[in-house]
Structures are given as C-alpha cells and as structure tokens.
Amino acid sequence: MSTSNQATTSGAASTPVFAAQQTMPVGPPAPRRRVKRKTWQTVIWFVALLLLTAVVLYPLVWLLFSTFKPNSEFGQNPGLLPNAPTIDNYIKVADGIAGVPMWRFFLNSLILAVAAVVGTVLSSALAAYAFARVQFKGLGIFFAAMIGTLLLPFHVVIIPQYIMFNNFGLVDTFWPLILPKFLATEAFFVFLLVQFLRQMPRDMDEAARIDGAGHVRIFWSIMLPLIKPALITCAIFSFIWSWNDFLGPLLYLTSPENYPLPIALRLYNDQTSTSDYGATVTASFIALLPVLGFFLVFQRFLVDGVATQGLKG
Amino acid sequence: MSTTTTRVIVTGDKRRRSLVRRSRPENLTRPGQRRRQTRETLAGYGFLVPWLVGFFGLTIIPMIYSLYLSFTRYNIFQPPKWIGFDNYIRLFTNDPQFIQSAQITLIYVLVGTPITLAAALGVAMLLNYRDKGAGFFRSAFYAPSLIGGSVSVAIVWRAMFGSNGPVDSALSSIGIDLGGWIGNPALVLPAMIVLAVWQFGATMVIFLAGLKQVPKELYEAAEMDGANAWHRFRAVTLPMLSPVIFFNLLLGLIGAFQVFASAYIISNGSGGPAGMTNFITLYLYKRGFADGQMGYAAAIAWVLLVVVAIIALILFRTQRSWVHYAGDNR
C-alpha cells in the first residue's frame, strides 16, 4: 500500500516540471529532506527484502548443509551447520539403491527429459503454427478445445491411459511417458507459442507466399527462427517438468533399473528414512542440482518467460 | 499524458474479438479464393496431425472411456461389469475416506490459493517500488516455484517440519512447543499449505508484470483527488490488476487440486497421519492402482473434474462483475 505512494514520489522526482511545481512554495530545503527520506525508505526496502530472501531460500540452504551431516545428527541437530562434517553421504549415494547405481537413475531422468524437450518443442510448434497462422475451417472449435485442455485436470485421463498403455504392453517402458510429449498434450506450450506467433507481422507470410513459399517453408525457414526465444523457454520448462515428474514414472515404471531420480528418491524415502536420513537428503539435493543449474544460467530467460506468458513453475 | 479513466472497459474478451477479425476474409467468394481456402484447410489439419492424435487419442477418447468405467466395477484383469450409479452412491453415502479426502482437498485449495495470491501480490508491490536491485529478488523468490512440487523438496519439508526439525526447534526456542508438524494430524495440512505458499514466486512474477502496466498517471490523478494509499490500492491497483488476479486465481485453484507428489512423499504414500494428507489425487491413485478398483477411481476422477469445472464456471460467470479489461487496441 505504501508502495504506490513511493512509486508516485519517484515518478514526480523524475519529471522535473512536476517536482518544481510542488516544491517551489515550500522553499529550497524541501528537496533535500525528500531525498533523505527516500534513502531511508530504500534502505528499509533492501533490508526487508533481504530478510524475506533469507526465509524463502532457507530450506534450500539447509538442504545443502545437511548433505554434510552424519546420520547421527538428523533429529539431533536442527541447525544449519553440521557438528562433524562428512562426505560419507555422497559416497553412499554414489553406490545407488536397490542394486542400481546412482548414475543409472540420472541417465534415465536425462533420457526422459531430452525426449520430452524434443517432442514437446516439435509437436507444440507445429500445432501452434496451425492455430496462429493458417486460416482453416474448424480453427475456432479446435482452438477453444485446446484452451479447454489447458484447464483439464490431468488425473481424469490417467486411468484410461494406463489401461491403454497396459493393453499395448508398454508398461515398464519409457513409451507411455515419451509418446504424449510428441503429441502436444501439454497445452501450455501450444498456447505460449500461439501467443508468440500471432505477434509476427502478417505481411511476412504474404511476401513469402508471393515468392512461392508454402506453409512448410514459411513455418520452417521464417517462423521457427523468429520465435527461437519462445522455443527455448518451452525447451527449458519441458525439461524441468519432465525432470520433476513423479506421478507418470510412478504409474508406468516398475523395475528399479528403469527408475528416474524422483522414483529412486522414493525408494530412499520409503525404505531407509528411519535409518539413513543422510543418504536420502543427499540424493534429494543431487536430484535438484540440474534444475538449480538451469535456473542460475537461464534465470532471466525463465522469469521473463513467466512474466510475459503467465507460465507457472 | 492525460489521465484516461475511460480506457477501463468492463466487458470485452480480446481473444474472441481477434478470432472474429481473423476469420472475416474467409467470407469472400471470388473464384480461386475457394481453392485457396481448401488448400489452407488441408495445410491447417496437416500441421495439426500430432495435436489431433493426442487430443482425441490421449484426451477425448480416454475421458469418454473413463466416464464409462465410472459406471462399472473393473480391476483390469476381468472385463468391466456395469453397475450403474453404484460407485457414485458409494462415494457420497458410504465412504468416509472419500468425504474426508474431499474436505481436506477443499480446505487446502480454498485456504492455500488465496494466501499464495495475497503473498504474491504483496511481494510484487514491494518489488515494484524500485527497479534497481529488484531483479535479483525477483529471481530469488521465483526459484521455489520451479522445484516446489518435486520429490526432493517434499523430502526437505518432511525434515524441516518433522519433530526436532528446524521449524520445531525454532518455535520451541520462543516458547511455542508444537512438536513435529508432519506427524500431527492437526498441523500436517498447515505444513502443506506453507509449502504451497512458499511457491508464490511464479504468481508474483506475473503480478509484477501486471503492476508495471498500470499507468502512473492513474496514481497521480488519484493522489491529486486526495486518495490515500489504501484508496489508491482499492480504486486503482486492484481494478487494473483484476485480469491478472483472475488468471492467477483460476490457474492457482486448478493447480492446487492436482497436488500429488508432495502429499505422497510427506505421508509415505499413506495419506496420513489420520488421513490428513489424503488429497483427492492421492486417494484416486490408491483406489485405482493399489487396490485395483479402476471403476471406482474413475468415478473419483469424474467428481474431481466436475468440481474443477464448477469452480472454473463460477469464476468465468462472476468475472463480469469484478474483472476489468482495459480497452486499448494494441
């Protein structure tokens, strides 16, 4: 509430005419006092936000430090720093669980995520081009249907989809997780690309068409390069969503050597939570690292993508 | 630089309007135009093939099949047996677990989402005060949204809110001795709601983008009219932001209904303690995949769908009275 107040103050200060009009009757000392007050407000602003940042990021910092705590300290030492730091947890985690080494879970997660990125970007771009740049009969109905699936709870289709993939004999393979990505089932990405494609000037297609280019050429050589930033946003998000996905692999993957990281973590959580907190927490941290890495590298990209398109994490 | 309050137009759906505008050229009937139209239609459906296969094969047909299954008894090994409305009758009259599951899910959704939105809006307004330095905080607050639904974070939450965990010991040290939240039926739902609120960042980023679009002149005009900070918030910020609030509320409510991994991990798949994390999605999963009652689980899924649809409908119906769309033609 005080924000809008300050926003107008700074707005007035940046337009000299306005500031002069207001401060003239008061006399020369007034501007200095205002500057001083503003400095104080800025300091309070910084301190408040730093405190909030500390609270928000504390669970992650706690996780990082906990990976160096020996098992005996869990439940005993709720603080940040380990009393007797050790890297035993990392050594244990590297061995894996249920007879499967850690790198295998990592590799499975990576295969699923890369396939999700390729499938999502390709199929969503094709669908988005049709919705945004082609005037075909039925466009309105199908576009509305696509928006509808944006709001559809995924859980309504998990049972029939499971029965279907079970009938095809595809349970305990990656196909039930990969195939839907190649069929643009994540409406969010289609919608995001439609928004981008609609912003491209229409004369561009007209000119290309006069030169004899068909839709395939326009799509591939003109539109795709133009919406590259949006494609990258889609790629990053589909990677992270696939990396974090729990329900899909939980339903379809049954043998431990096929598990991606989240399901492997469940093994730690279910079987050893009372005895081996250290390994559980350390494996959790390792599973987060790629996402956190993506975030640090592409943060501006991700956050701006969210800001302009309303994409949720 | 004039203050244009007339720009606020109460009705009008941008999307629909642009569709109408775009489809107008189709009505022309010059010779050759029709052949071109056929070619366009062919091209359109050609590009749509993957989406159409997914839409019908993985969404529409499965939905119809799941509606059929919800009227049957089915365990995947024997063919489905038609039992009429029995599943639905059992759900609402003879299944206390379902009633509890529906109650805690509704509490989680209807308490957690507004708190998340309020926190997101509050922090967004704080960040909007200054541009310099705000980028860092914006990114820092956004990070939890990317990972909040993951198994890793759920494991962290279990440790943070467990007995003798950091939250327990911090509260104990100031004299509030609650014990562990995760094992306490009264406190595990609050711990889940805190986890939801922790992920306010994505919503905040969208609010912040919305706040940047509010014309400064509106605030200046309101201030000249003698409006105090609260009045300016009520009369300028909230109405100008209402489309963004609508968007965040709709997606927030629908997303909250679908929380699964956190509840599963925090309760070790049991939905406990005392069923207090047995969210509707977890209950559906347990019935369908642990107990093999696919027909019954399909009925739960359809109840979920109907509830989500009703909430979406209420929001869309009431938006005319509280959502203001700016009428600029950009």
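Helices (H or I, at least four residues) and strands (E, at least two) are taken here as DSSP runs, numbered from the N terminus. The model is predicted: local features need pLDDT of at least 70, side-chain atom pairs count only at pLDDT 80 or more, and totals for chains, interfaces and linings use all residues. Residues are numbered from 1 along each chain as its sequence is written, while chains are lettered from A and ligands numbered from 1 in the order in which they are written.

Ala184(A) sits in the loop between helix 8 and helix 9 (187-199) of chain A. Its phi is positive, about 55 degrees, although Ala184(A) is not a glycine. A residue is called buried if 20 or more other C-beta atoms lie within 10 Å of its own, exposed if 12 or fewer, and partly exposed in between, with C-beta atoms placed from the backbone. Ala184(A) is buried because 31 other C-beta atoms lie within 10 Å.

Asp172(A) belongs to the loop between helix 7 (158-167) and helix 8 (175-178) of chain A. Its phi is near 70 degrees, again a positive value in a residue other than glycine. Asp172(A) has 13 C-beta neighbours inside 10 Å and therefore counts as partly exposed.

In chain B, the peptide bond from Gly272(B) to Pro273(B) is cis, with omega near 0 degrees. Pro273(B) is located in the loop between helix 12 (261-266) and helix 13 (280-290) of chain B.

**Confidence and overall composition**

The model scores ipTM 0.85 and pTM 0.86. The predictor's confidence in each residue is the pLDDT, which runs from 0 to 100. Two residues are in contact if their C-beta atoms, placed from the backbone, lie within 7 Å. The table sets out each chain.

| Chain | Mean pLDDT | Residues with pLDDT of at least 70 |
|---|---|---|
| Chain A | pLDDT 84 | 85% of the residues |
| Chain B | pLDDT 87 | 89% of the residues |

In chain A, pLDDT is below 50 over residues 1-28, a stretch with 30 contacts in the model beyond near neighbours in sequence. In chain B, pLDDT stays under 50 over residues 1-27, for which the model has 25 contacts beyond four places in sequence. Where pLDDT is low, the predicted coordinates should not be read in detail.

Chain A contains 15 helices and zero strands, and 41% of its 313 residues count as buried. Among the contacts of chain A with a separation of 6 or more, 71% join residues 24 or more positions apart. Chain B has 14 helices and four strands, and buried residues make up 42% of its 330 residues. For chain B, residues 24 or more positions apart account for 69% of the contacts with a separation of 6 or more.

**Helices of chain B**

Helix 9 (residues 201-213) of chain B has 13 residues, and at 1.5 Å a residue it should span 18 Å; its end C-alpha atoms are 19 Å apart, which agrees. The expected span is 1.5 Å times one less than the number of residues. Ten of the 13 residues of helix 9 are buried, so this helix is largely enclosed by the rest of the structure. Among the buried residues are Met204(B), Ile206(B), Phe207(B) and Leu211(B).

The axes of helix 4 (residues 96-128) and helix 11 (residues 229-257) of chain B come within 9 Å and cross at roughly 145 degrees. These axes are lines fitted to C-alpha atoms over the stretch in contact, and angles run from 0 to 180 degrees between N-to-C directions. Helix 4 contributes residues including Tyr108(B), Gly112(B) and Thr116(B) to the contact, and helix 11 contributes residues including Leu249(B), Gly252(B) and Phe257(B). By class, this contact has seven nonpolar, six polar and no charged residues. Ala, Val, Leu, Ile, Met, Phe, Trp, Tyr, Cys and Pro count as nonpolar, Asp, Glu, Lys and Arg as charged, and the others, Gly among them, as polar.

**The interface between the chains**

In all, 95 residues of chain B are in contact with 79 residues of chain A. Helix 2 (residues 33-69) of chain B gives the most to the side of chain B that touches chain A, with 19 residues. That side has 61 nonpolar, 25 polar and nine charged residues.

Phe55(B) lies in helix 2 of chain B. With 22 C-beta neighbours inside 10 Å, Phe55(B) counts as buried. Leaving aside residues up to four places away in sequence, Phe55(B) touches Ala145(A) and Ile60(B). The C-alpha atoms of Phe55(B) and Ser173(B), 118 residues apart along the chain, are separated by 55 Å.
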